[in-house]
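Biologist: I have not looked at this structure before. Could you take me through its aromatic rings and explain the labels as we go?

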Amino acid sequence: MTMVDLDFLNTVIRFEISPDAEPAFEPIRRFFRHLLVPLSDRSATFTIKVDAYEPEADVDQRIWDTEQSVIRRSSAAEFNFDAHVVEEGERRRYVNRTTVVDVPKDARSDGLFRLRITAGSAIQVIDFVRDLIIRNEEDLGTVVLHASGLVRGGEALIIAGAKGAGKTTTMLSALRRPGWSYFTGDKVFCRRVGETIEVYPWRDYPYVGVGTIRADARLERLVREQVDPGIDERAATDKLLIDPDLFESWLGVEFSAQPRRLAAILLPEVRPGEPLTTWQLRSEAERWAHLNKIVDRQVDTTFFTWQSHLVPDYSAFYRSLADLREVLPSVAMVRLRGTLDVDPDRVLRGGVLRVAVIGLAGSGKSTTASLLEEAATAAGLSHARVKLAKPLYDLQDSVYVAAGRAVGAGAQDQVLMEDLADNLRRINPRALVDDFTVRLNTVDADVIVNDDLRDPQVDAVALRALGFRVVRVRCDEDLRQKRLAERRDPTRADRSTRRLEEIEADLELDNSGDLDGHRAAVRDLLEGWL
């Protein structure tokens, strides 16, 4: 017997597989391989014993003589499940010619499940195991959203909406843009981590509309060559079930179960032939309404009652959902309408370029910001600079006035400003970025520059969600110290920049050379990003 654990979030399922069941279990193992470990360090939530199945030898004829029940119906026929239902004390068996599913009537008190499988059991077993995990996670308070998704670096962008809204179309078009990779196709599991939302991807069997396939010439060719040579005869409303390994290979990515920070939610509405329009949702009530609308609960499925061995009570689920509301401002939420040919970066930045310049004091952040503005002007674009620290400058001025002293224009009493920032964050961790967001929303410019981002945990996350790209400026250390010595700051401090390296940059510039060389590098950067 082989034992292997499926370890996902709060759930550990221990499979105990008999040798004669190994060949039939192999496609199930392959589907879940990204979550399987030899044996988890955690105790098993459920145990599933898996044996081989010979229907005629293993099932009494009297069971075959009973009427079959419709257990599950799906728009994908491969997921339909009919079975003879056998009640045996505190257990229930679902029996058909392909699979036997033997379950406890109460999985909270008896976590043992038994499966008998054949070569045709894979999809039925995968569906059963996935549903068991989802129910357990919902019972423990994990919020599930119905969404596909993309990933770049440590951040995820999810695409949510009702069936037919254009989720897959949006995802496929967005994946044609550089830097973005496939993350999830069906669901994400959410939990709050500090002031952010962390999302876990969920592997599924892609079920893609023929109309969506035809809208992507490359995908249509691959489907015709490897899945359905007769796709041209199908109606646009038909759907095709595609092997996940094959689909992911077409997208050029191996599925990863690694969670990411949720940066944005796109809410598409496909309207073929209409130009794409986008708008960010800023009303707290409207954003909360849309989040609730994309929540994906098993209780809302048409087949929910058949797995009555584990029915979530949803009390912890709704507490977690309310908890997510507190950090929802860290997530951009954008509606899209029209022909869904989507560039995620352009959508997130609202059609303008937003750049955050980061670096140690003296590295040339302000110079780089000024050169970006200079290059924007040369390109015929309007520009604006929006500082996170404006409240700190205002408070610094007030403190100096109260002290009967003057502080030069643009000068920084860095010791004072770090203390002010610490206390603002103590009172409200989002104080600076919330003020920044209010001011940003009043700015109408083609290029928006920020040059004082320092905090990786709250401010950087929020700026990413607002569509900012990050450029890091470095220079030779001796040169940096020389530049600092030439400044007239009343005091110096570097505590606020000690975690600067934790902020992931899209691009780095070396500002150790002459000004003309740096100007050319900044101009090239702007042209490339535009």
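Modeller: In this predicted model, one aromatic cluster is formed by Phe46, Phe81, Tyr94, Phe113, Phe128 and Trp306. The count of aromatic pairs comes to 19.

Biologist: Why is the pair of phenylalanine 79 and tyrosine 205 called edge-to-face?

Modeller: Planes over 60 degrees apart count as edge-to-face. The planes of phenylalanine 79 and tyrosine 205 are at 75 degrees, with ring centres 6.2 Å apart, so the pair is edge-to-face.

Biologist: What parts does the pair of phenylalanine 79 and tyrosine 205 tie together?

Modeller: Phenylalanine 79 lies in the loop between strand S5 (69–72) and strand S6 (81–88), and tyrosine 205 in the loop between strand S14 (196–202) and strand S15 (207–209), so the pair ties together parts 126 residues apart in sequence. Both phenylalanine 79 and tyrosine 205 are buried.

Biologist: What makes tyrosine 314 and phenylalanine 317 an edge-to-face pair?

Modeller: Their planes are at 85 degrees and their ring centres 5.4 Å apart, so this pair is edge-to-face.

Biologist: Why does tyrosine 314 count as buried?

Modeller: Buried means under 20% relative accessible area. Tyrosine 314 has 6% relative accessibility, so it counts as buried. Tyrosine 314 is found in the loop between helix H9 (284–293) and helix H10 (315–327), and its phi is near 70 degrees, a positive value in a residue other than glycine.

Biologist: Which charged end sits over the ring of tyrosine 314?

Modeller: That of arginine 297, 5.3 Å from the ring centre. The charged end of arginine 97 sits over the ring of tryptophan 64, 3.7 Å from its centre.

Technical notes. Residues numbered from 1 in each chain as written. Predicted model: local features only at pLDDT ≥ 70, side-chain atom pairs only at ≥ 80, totals over all residues. Heavy atoms only, no water. Helix = DSSP H or I, 4+ residues; strand = E, 2+ residues; numbered from the N terminus. Buried < 20%, exposed > 50% of the residue type's maximum accessible area, 1.4 Å probe, protein only. Phe/Tyr/Trp six-rings, centres within 6.5 Å; stacked < 30°, edge-to-face > 60°. Lys NZ or Arg CZ within 6 Å of the ring centre and 35° of its normal.
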